[in-house]
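Student: I am new to this structure. Please go through its terms with me and show how each one is applied.

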Amino acid sequence: MGMEQVNMESLHPVATSSGDTGKVSVYWSWHKEDVGIWGQDKFSARGLLEQLSTVLDKSDYLWYTISANIPEDEPFLKSGSQPILHVDSRGHTLHVFVNGNFAGTQSGDYSKWGFTFEKPITLQAGENQIALLSMTVGLQNIGPFFDTWTTGIGGPVKLLGLRDGPLDLSFWTWYYQIGLKGEYLQLYSDTGANQVKWISGINPPKQAALMWYKTEFNAPEGTNSVALDLSTMNKGQAWVNGNHIGRYFVSLKAPTDGCSDVCDYRGTYYSSKCATNCGQPTQKWYHVPRSWLQPTKNVLVLLEEVGGDPTGISFRTRNVDTVCAHVSQAHPTFNSLTLPELRLQCSSGQRISSISFASFGNPSGSCGNFIKGSCHAVNSTSIVEKACLGKETCSISVTEDSFGSACADNLKSLAVGAVCKY
């Protein structure tokens with residue numbers, strides 16, 4: 001007898017009510033982050049330093065800055081052409097500024113951290129300040145020799161398109177600054193925010209690199225879970241009432257190909273099997289714990305590194321009051337002595353108040369839309385109700401000993417949907 005497809009959606013919550021509660025705010029304050037060297041603890045070194053061993057976990061950010069002199073008779077100044085800046089980076093992300101102006105950004109991808117930035121830049125006769133902001137975006141902590149991996153700008157760093165050929169800056173004297181000034185001042189805190197001048201209004205700058213944004217908002221009514229929809233932003237970090245929500249990187253999207261409309265886990269497993277959300281960011285909603293919020297005058301602070309639109313940020317609330325699961329008799333267990341179990345769990349403080357669906361046999365469909373099949377144990381609902389009603393969590397063995405031997409010789413599964421209430 002061939003093996004049937006195993007479908008498991010354990011502890012899969014379904015929201016019966018969710019919604020956009022509107023924009024966070026229409027009134028914003030903003031402050032431009034200093035580009036390049038900003039503190040007394042700057043230092044210099046000949047050549048390009050490895051980032052991890054330089055910052056020593058003090059910050060995700062490291063500034064590499066250098067000054068390059070361009071002669072007045074350099075041909076590109078008269079022809080109107082632009083020289084090209086070439087930077088080889090070990091990863092993870094690089095923002096480039098020339099004479100204080102944002103000149104571009106680049107990041108590694110899922111398969112390779114390192115990359116080459118190579119874009120035209122605008123230089124002037126005389127001294128030109130080139131500031132490269134390198135940053136890490138989380139560090140891998142598994143795999144062979146992960147502790148020997150490196151990040152930051154490894155070089156070479158070159159100016160291309162000059163009269164005398166490529167100008168290699170890699171072994172010149174570079175000036176370094178660990179971290180951002182706003183990070184050092186803790187602009188996300190009340191005391192830190194008072195140390196700089198903010199501009200306020202209803203039209204904050206959009207698509208501006210290295211910009212701090214701040215606004216006040218009232219907490220959404222009710223007790224439902226709250227999340228910020230940051231899909232109109234690019235890359236940066238966010239804080240609510242001084243608490244760090246985390247990094248966001250909504251502009252980094254999954255590959256556009258590799259997804260399939262049909263998912264079948266039968267056969268040999270490989271990592272891209274049943275891939276979903278191709279072309280989508282890994283995350284755009286960021287949870288804000290209710291315990292961090294007060295009824296009014298909550299403060300949201302954002303550090304946008306590349307450029308986004310803060311006026312598009314909105315709240316999402318979600319009331320997860322339905323849980324469901326679908327587990328097969330063939331679902332793998334820890335060892336041969338244990339049997340497959342279906343487990344349901346409500347949110348903290350909720351209890352299972354009713355069973356909306358239960359079928360042991362060959363049910364189909366997905367959570368919230370289960371359908372009984374041709375094989376169904378008639379006592380499915382009563383057995384699940386006895387095991388789960390009034391409980392925050394419950395488990396049921398997916399065996400014929402629990403439900404009887406309906407439809408003999410067929411591989412069976414158990415699908416359950418339940419309603420949770422406070």
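Student: Which residues line the largest cavity?

Tutor: The model is a predicted one, in which local features need pLDDT of at least 70, side-chain atom pairs count only at pLDDT 80 or more, and totals for chains, interfaces and linings use all residues. Residues are numbered from 1 along each chain as its sequence is written, and side-chain values use heavy atoms, with hydrogens and water left out. The lining of the largest cavity consists of Asp-60, Tyr-61, Met-135, Thr-136, Val-137, Lys-235, Gly-236, Gln-237, Arg-247, Tyr-248, Phe-249 and Glu-305. Strands E16 (235–240) and E17 are the elements that give two or more residues to this lining. Strands (E, at least two residues) and helices (H or I, at least four) are DSSP runs, numbered from the N terminus.

Student: What makes a space a cavity, and what makes it a pocket?

Tutor: On a 1 Å grid over the protein atoms alone, a cavity is a set of points where a 1.4 Å probe fits but cannot get out. A pocket is an open set with protein on both sides within 12 Å along at least five of seven lines, and lining residues have an atom within 4 Å of a point. A search of the whole structure finds one cavity of 30 Å³ or more, and the largest cavity holds about 60 Å³ of space. The largest pocket has a volume of about 410 Å³. Of its 18 lining residues, the closest to the centre are His-92, Tyr-110, Val-137, Phe-249 and Leu-252. Strand E17 (residues 243–249) gives the largest share of that lining, three residues.

Student: Why are Trp-28 and Tyr-213 called an edge-to-face pair?

Tutor: Rings of Phe, Tyr and Trp (its six-membered ring) pair if their centres lie within 6.5 Å; planes under 30 degrees apart count as stacked, over 60 as edge-to-face and the rest as tilted. Trp-28 and Tyr-213 are 6.3 Å apart centre to centre with 85° between the planes, so they count as edge-to-face. Trp-28 lies in strand E2 (residues 28–32) and Tyr-213 in strand E14 (residues 211–217), so the pair ties together parts that are 185 residues apart in sequence.

Student: What makes the pair of Phe-217 and Phe-315 tilted?

Tutor: Their centres are 5.0 Å apart and their planes 55° apart, so the pair falls in the tilted class. Phe-217 belongs to strand E14 and Phe-315 to strand E20 (residues 314–328), so this pair ties together parts 98 residues apart in sequence.

Student: How do you know whether Phe-217, Phe-315 and Thr-399 are buried or exposed?

Tutor: Buried means under 20% relative accessible area, exposed over 50%, and partly exposed in between (1.4 Å probe, protein chains only). Phe-217 has 5%, so it is buried. Phe-315 has 4%, so it is buried. Thr-399 has 10% and therefore counts as buried. Thr-399 sits in the loop between E23 and H6. Leaving aside neighbours within four places in sequence, Thr-399 is in contact (heavy atoms within 4.5 Å) with Gln-329, Leu-339 and Phe-360.

Student: How do you know which side of H5 its buried residues are on?

Tutor: In helix H5 (residues 380–388), the buried residues are Ser-380, Val-384, Ala-387 and Cys-388. They cover an arc of only 80° around the axis, which puts them on the same side of H5. The arc is that of the directions from the helix axis to the C-beta atoms. Their cover includes strand E22 (351–361) and helix H6 (400–403).

How values were computed
Grid points are joined across faces, edges and corners, and a volume is the space filled by probe spheres set on the points.
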